[in-house]
2 protein chains.
Amino acid sequence: MFEITHRDKKTKARTGVLRTAHGEVRTPLFMPVATQATVKAMRPEQVRELGFDMVLANAYHLMLRPGVDVVEKSGGLHRFMGWDGPILTDSGGYQVFSLGKDVKITPEGASFRSHLDGSSVFMSPEMCMDVQDKLGSDIAMVLDECLPYPSERDVARESLLLTRDWAKRCRDSSAGNDNPDERQLLFGIIQGGMYADLRAESAEMTVGLGFDGYALGGLSVGEPRELTLELVGSTLEHLPEEAPRYLMGVGDLFGLADCIALGVDMFDSALPTRVARNGSAFVGSDRLNLKNARFANDQGPLDPECGCYACANYSRAYLRHLVIAKEILGFHLLTVHNLHQVASLINSSQHLPLGTDTVR
Amino acid sequence: MFEITHRDKKTKARTGVLRTAHGEVRTPLFMPVATQATVKAMRPEQVRELGFDMVLANAYHLMLRPGVDVVEKSGGLHRFMGWDGPILTDSGGYQVFSLGKDVKITPEGASFRSHLDGSSVFMSPEMCMDVQDKLGSDIAMVLDECLPYPSERDVARESLLLTRDWAKRCRDSSAGNDNPDERQLLFGIIQGGMYADLRAESAEMTVGLGFDGYALGGLSVGEPRELTLELVGSTLEHLPEEAPRYLMGVGDLFGLADCIALGVDMFDSALPTRVARNGSAFVGSDRLNLKNARFANDQGPLDPECGCYACANYSRAYLRHLVIAKEILGFHLLTVHNLHQVASLINSSQHLPLGTDTVR
């Protein structure tokens with residue numbers, strides 16, 4: 001299901017191949033976020049042309065709208081959204097806590113009111129698995145409890161135990177199919193707040209339950225970047241070498257580069273696409289806010305080093321006009337550019353630099 | 001500059017070739033509306049791939065934002081927006097009256113406050129020509145006064161005389177270049193409210209001034225369709241055969257077909273793209289509102305007869321989801337579909353049916 005193909009000599013970076021029901025993908029990989037079954041402002045084949053083989057969709061959002069039954073009757077998420085590559089579905093744990101209203105947690109599950117229409121929803125680990133099974137994603141995520149940042153140590157520890165219990169129930173209720181190349185894969189999620197020892201404990205417990213891969217959740221939620229990296233590094237040491245490691249919610253170029261060097265295989269983040277819709281572009285080590293008046297007559301491309309469609313065809317002056325006039329083309333072009341920047345970084349990380357070691 | 005290539009035997013339809021500084025285009029033609037220097041939700045090459053050779057941009061909008069100087073410094077509108085085919089700029093007459101606040105008309109020109117920031121703006125016929133010259137469009141339109149519908153006869157007549165005076169000033173101030181294949185063309189606009197005799201009078205006066213083409217303005221503004229067709233038909237009789245005739249603001253499939261049969265050569269309308277952004281699709285003789293619950297599980301394409309990208313790849317159920325979730329991809333796909341429908345009609349009208357008569 002996952003095979004490490006090369007290891008970097010100087011860092012802990014590694015390249016690999018992940019096999020899913022919808023084909024093989026190379027790691028490290030970044031999943032553009034298709035929250036509502038579309039990568040915002042993009043056609044699916046444009047996402048693929050940028051170099052992305054896998055996207056992330058969100059069980060919480062799709063359950064509320066259009067409803068799991070609609071996706072199921074459409075033949076599953078792949079057919080519904082016209083994406084024939086692998087899809088990972090986030091369980092919705094994070095969204096319940098960040099978007100749901102009146103969230104109440106019991107050992108049984110999470111009850112909350114929908115952020116769309118206020119209707120009452122209950123989600124148990126078993127229901128979460130059922131939803132993702134019906135969506136038909138290639139990789140499902142366990143239901144986890146996400147903590148606010150910062151959280152006290154005892155709160156973080158208690159949450160950890162709940163997440164472990166839920167993870168066990170997810171594992172036990174996930175559909176049985178022995179062939180890992182055909183069945184839906186299931187990833188556990190490691191929590192533990194900003195406490196390295198709790199994260200180590202969470203990792204040991206989660207690995208003890210046994211999953212196809214392991215995700216680091218609840219990071220990059222406001223803590224300093226140094227702390228993120230420290231926690232990623234220390235937690236990975238408690239995970240099995242041979243399993244894929246997925247850091248949830250990191251999508252800036254520096255974070256990606258640093259975490260690839262620490263041995264992370266998979267990433268997702270709404271950042272590149274959301275930053276674009278806010279009118280900003282990843283350029284070098286900056287984010288250019290196109291609304292800035294200094295771009296009003298700037299005839300240059302967003303980034304002279306970039307070969308994306310937006311940089312090849314449009315000036316900053318035009319992009320600024322589109323952004324200020326709230327024209328859809330502006331959001332599309334900035335999305336293309338930001339995703340291209342991420343794709344370039346990811347692509348180069350799939351070809352490890354000098355000093356690499358061939359595993360097989 | 002304009003050559004009629006064929007005439008239909010049964011109707012007054014005709015096909016032709018219009019030569020502009022940015023190339024030849026075939027008529028009848030429809031110009032998708034690029035109000036703010038972008039056809040909403042489309043890349044320029046996608047517009048061209050759908051079969052459109054010419055677009056319309058709006059002097060009023062571009063003058064207010066980003067400002068004519070920005071477009072001029074960018075090398076003109078074609079370069080600014082990445083469209084190398086012909087562009088017609090509307091003068092802004094219609095927008096002054098429909099969008100401007102506190103509009104005051106004097107013989108000298110129109111003063112109003114911007115709909116964007118309330119700032120005071122004055123526009124004279126001479127300034128209107130200067131703006132369009134700086135934008136660098138292939139066809140400029142005279143500044144006209146647009147009447148509310150309905151308007152009393154004496155109001156309509158008075159307005160007509162003002163529009164004629166402004167048209168004369170536009171003609172006299174437009175940049176002098178004798179070669180009609182290189183210079184910016186200038187079209188006059190015929191007004192006259194819903195009064196056939198006033199429209200005839202307006203046509204005679206406008207033709208008397210002499211323009212490269214003649215537009216019918218102030219129609220399809222709320223009057224019954226039969227009346228539109230009657231006025232189009234009767235007004236065209238007062239226009240020279242050999243000049244292009246442009247009906248402003250008609251973009252529904254029936255209106256286009258009917259008016260092509262009456263001998264109109266050029267059209268523009270925001271309708272196909274605006275209807276799309278409202279979540280509706282041109283299908284047969286209907287407009288399907290995708291928000292309707294009956295499409296929730298509809299696995300068929302928007303239109304089984306249609307070969308557009310949206311119909312080839314996505315279900316009504318998915319499109320409905322995108323529209324309800326306000327996803328940009330939904331607006332893009334409906335825009336592609338609606339423009340494709342218009343393009344198909346226009347394309348078939350460029351190949352006149354049985355019974356056509358070759359002119360040359």
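Modeller: This is a predicted model, and a residue to begin with is A:Phe187, which, leaving out residues up to four places away in sequence, touches A:Ile139, A:Met141, A:Phe211, A:Asp212, A:Gly213, A:Tyr214, A:Ala215 and A:Tyr246.

Biologist: Why is B:Thr38 called buried?

Modeller: The term requires 20 or more other C-beta atoms within 10 Å, and B:Thr38 has 28 of them, so B:Thr38 is buried. Its place is in the loop between strand E4 (29-32) and helix H1 (44-49) of chain B.

Biologist: What is B:Thr38 in contact with, leaving aside its neighbours within four places in sequence?

Modeller: The partners of B:Thr38 are A:Leu322, A:Glu327, A:Leu329 and B:Met81. The C-alpha atom of B:Thr38 is also separated by 9.1 Å from that of B:Gly82, 44 residues apart from it along the chain.

Biologist: What makes the relation of the chains that of a two-fold axis?

Modeller: Chain B can be laid on chain A by a turn of 180 degrees, with a shift of 0.0 Å along the axis and an RMSD of 0.0 Å, and that is why the relation is the one of a two-fold axis. In chain B, the C-alpha nearest this axis belongs to B:Ile328, 3.6 Å from it.

Biologist: How do you know that the copies meet through the same surface?

Modeller: Because 100% of the interface residues of chain B are also interface residues in chain A, the copies meet through the same surface. The contact takes 30 residues from chain B and 31 residues from chain A. On the side of chain B, the elements giving two or more residues are helix H3 (68-73), helix H4 (77-81), helix H13 (316-324) and helix H14 (328-349), with the largest share, 5 residues, coming from H13(B). By class, that side divides into 16 nonpolar, 9 polar and 5 charged residues.

Biologist: Which residues meet where H8(B) packs with H9(B), and at what angle do the axes cross?

Modeller: The axes of helix H8 (residues 196-209) and helix H9 (residues 225-236) of chain B come within 9 Å and cross at roughly 35 degrees, and the crossing is right-handed. B:Ala196, B:Arg199, B:Ala200 and B:Ala203 in H8(B) meet B:Leu231, B:Ser234 and B:Thr235 in H9(B); this contact has 4 nonpolar, 2 polar and 1 charged residues.

How values were computed. Residues are numbered from 1 along each chain as its sequence is written. Chains are lettered from A and ligands numbered from 1 in the order in which they are written. This is a predicted model: local features need pLDDT of at least 70, side-chain atom pairs count only at pLDDT 80 or more; totals for chains, interfaces and linings use all residues. Axes are lines fitted to C-alpha atoms, for helices over the stretch in contact, and angles run from 0 to 180 degrees between N-to-C directions. Helices (H or I, at least four residues) and strands (E, at least two) are DSSP runs, numbered from the N terminus. A crossing is left-handed if the near helix is turned anticlockwise from the far one by less than a right angle, and right-handed if clockwise. Two residues are in contact if their C-beta atoms, placed from the backbone, lie within 7 Å. Ala, Val, Leu, Ile, Met, Phe, Trp, Tyr, Cys and Pro count as nonpolar, Asp, Glu, Lys and Arg as charged, and the others, Gly among them, as polar. Copies are superposed by least squares on the C-alpha atoms of residues with pLDDT of at least 70 in both. A residue is buried if 20 or more other C-beta atoms lie within 10 Å of its own, exposed if 12 or fewer, and partly exposed in between; C-beta atoms are placed from the backbone.
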